[in-house]
Number of protein chains: 2
Amino acid sequence: MTYRAGIATRSRILDAARGLLSEGGLEAATVKAICARAGILPGSFYNLFKSKEEAVLTVVRDAIAAVEPVAAGPEETVADLVNAFVRFVNTEPVIARVYLIIAVSGGVTDPSIRRRVLRHHQARVERFSNALTCLQPRLAHRADERAEALVAALTGYALHATLDSDFDLAKHAEELLQL
Amino acid sequence: MTYRAGIATRSRILDAARGLLSEGGLEAATVKAICARAGILPGSFYNLFKSKEEAVLTVVRDAIAAVEPVAAGPEETVADLVNAFVRFVNTEPVIARVYLIIAVSGGVTDPSIRRRVLRHHQARVERFSNALTCLQPRLAHRADERAEALVAALTGYALHATLDSDFDLAKHAEELLQL
DNA sequence: CCCTATTTTGAGCTTTCATTCTAATTTGAG
DNA sequence: CTCAAATTAGAATGAAAGCTCAAAATAGGG
């Protein structure tokens, strides 16, 4: 992976794996299918990844990291966070779907993935909680619970959006802010 | 499947498949594993199900149907519906987990499952919406949106409970009722 | 008790999976 | 241009998948 060709191939493999995971879940992401989509042969795959699992876990880790809104200043509002999430799901539906698939089915299988998802979730709740405290200091004592509910609702919405392409995530998220 | 033995074997197969789906997702539910857990051999499996897919889809359909709270009278309250869902997830975690796994990964693969999940979701939102209208007639014009948010939050909570055994679903659901 | 329909057995078939290996090709620093 | 290192090709491996089938065992209405 020190030559340019290798680096390009690696990223083509990850793109292919991400797309297959998104479209058909773990069972669709076979080495053969990944290679076919990436336009390579198995030998190249195993020159860059020591196993199929390593490639899939790389995609998963990247997807989890990508769900986090880009680091804003300490002045980020609740609306900022919600909008960032909506924008992410709408502009990167493939990655968002991979995240959801793994959060459920992959998280069950692999303990390290489960830990990673939970850690990520906790960090997200904390950011929402801080933003909620700034927004409504009167309700500061229940900021954590409210943040947890908000994140749960957003996750539920994202799951729904994954199944129903007609679902208007932005609209529902906006209504969420008025509750 | 007209003899008692066949009926009993069929239900042992479905139990085995349900457990495997819950513990390890679709990839763990192989015909061999199902047969081993059910204490039978492949020949018996294919005497009762024409394919592995048929058995898995049967489990999935049952799981989707089971998520629906038992039919209450027309006087069901929001608290009733929420509590019924919480009780279901806590007493039937295996079925609840199967539902979530399929709602994400299976729903993506199989269009008929996706339709079924969406139809079920819509019916659930309607029940919540009616209950919300009775509870707060002043907010009747936004009952649908609020019901959608409630169901999304509950789904998000259930997903989290699947990953984190320490998560107190009942407590969070109760707090949800006070928002 | 008998006889037919049902169920179970268990070996084995075909396909597909992840993975490996060697030889050929390509890359790019010196 | 050269040559070692990196990458690719492509056939081949063994394991495990879903599934089939003919024969043996069993169930249960008559």
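## Surroundings of the DNA strands

In this predicted model, DNA strand C is surrounded by 23 residues, and the closest are A:Arg4, A:Thr30, B:Gly6, B:Gly43 and B:Asn47. A residue is near a strand if its C-beta atom, placed from the backbone, lies within 6 Å of it. The elements that give two or more residues to this surface are H1, helix H2 (31-38) and helix H3 (42-48) of chain A, together with helix H1 (4-24) and helix H3 (42-48) of chain B. H3(B) provides the largest share of the surface near DNA strand C, with 4 residues. Sorted by class, the surface near DNA strand C holds 11 nonpolar, 9 polar and 3 charged residues. Here Ala, Val, Leu, Ile, Met, Phe, Trp, Tyr, Cys and Pro count as nonpolar, Asp, Glu, Lys and Arg as charged, and the others, Gly among them, as polar.

DNA strand D is also surrounded by 23 residues, of which the closest are A:Gly6, A:Gly43, A:Asn47, B:Gly43 and B:Lys52. Two or more residues of this surface come from each of H1 and H3 of chain A and H1, helix H2 (31-38) and H3 of chain B. The largest share of the surface near DNA strand D, 4 residues, belongs to H3(A). Its classes comprise 11 nonpolar, 9 polar and 3 charged residues.

## Basis of the model

Residues are numbered from 1 along each chain as its sequence is written, while chains are lettered from A and ligands numbered from 1 in the order in which they are written. Local features need pLDDT of at least 70, side-chain atom pairs count only at pLDDT 80 or more, and totals for chains, interfaces and linings use all residues.

## Architecture of chain A

Chain A contains 9 helices and 0 strands. Helices (H or I, at least four residues) and strands (E, at least two) are DSSP runs, numbered from the N terminus. The C-alpha atoms of chain A occupy a box of roughly 60 × 35 × 30 Å along the principal axes.

Of its 179 residues, 41% count as buried. A residue is buried if 20 or more other C-beta atoms lie within 10 Å of its own, exposed if 12 or fewer, and partly exposed in between, with C-beta atoms placed from the backbone. Among the contacts in chain A with a separation of 6 or more, 59% join residues 24 or more positions apart. Two residues are in contact if their C-beta atoms, placed from the backbone, lie within 7 Å.

## The contact between the chains

Chain A contributes 35 residues to the contact and chain B contributes 34 residues. On the side of chain A that touches chain B, two or more residues come from each of helix H1 (4-28), helix H6 (93-109), helix H7 (111-135), helix H8 (143-163) and helix H9 (169-177). H8(A) gives the most, with 13 residues. This side of chain A divides into 17 nonpolar, 11 polar and 7 charged residues.

## Symmetry of the two copies

Chain A is superposed on chain B by a rotation of 179 degrees with 0.0 Å of shift along its axis (RMSD 0.1 Å). This is the relation of a two-fold axis. The superposition is by least squares on the C-alpha atoms of residues with pLDDT of at least 70 in both copies. Of the residues of chain A, A:Ala153 comes closest to the rotation axis, at 1.9 Å (C-alpha). The same surface serves both copies, as 97% of the contact residues of chain A recur in chain B.

## One residue of chain B

B:Glu23 lies in helix H1 of chain B. B:Glu23 counts as partly exposed because it has 13 C-beta neighbours inside 10 Å.
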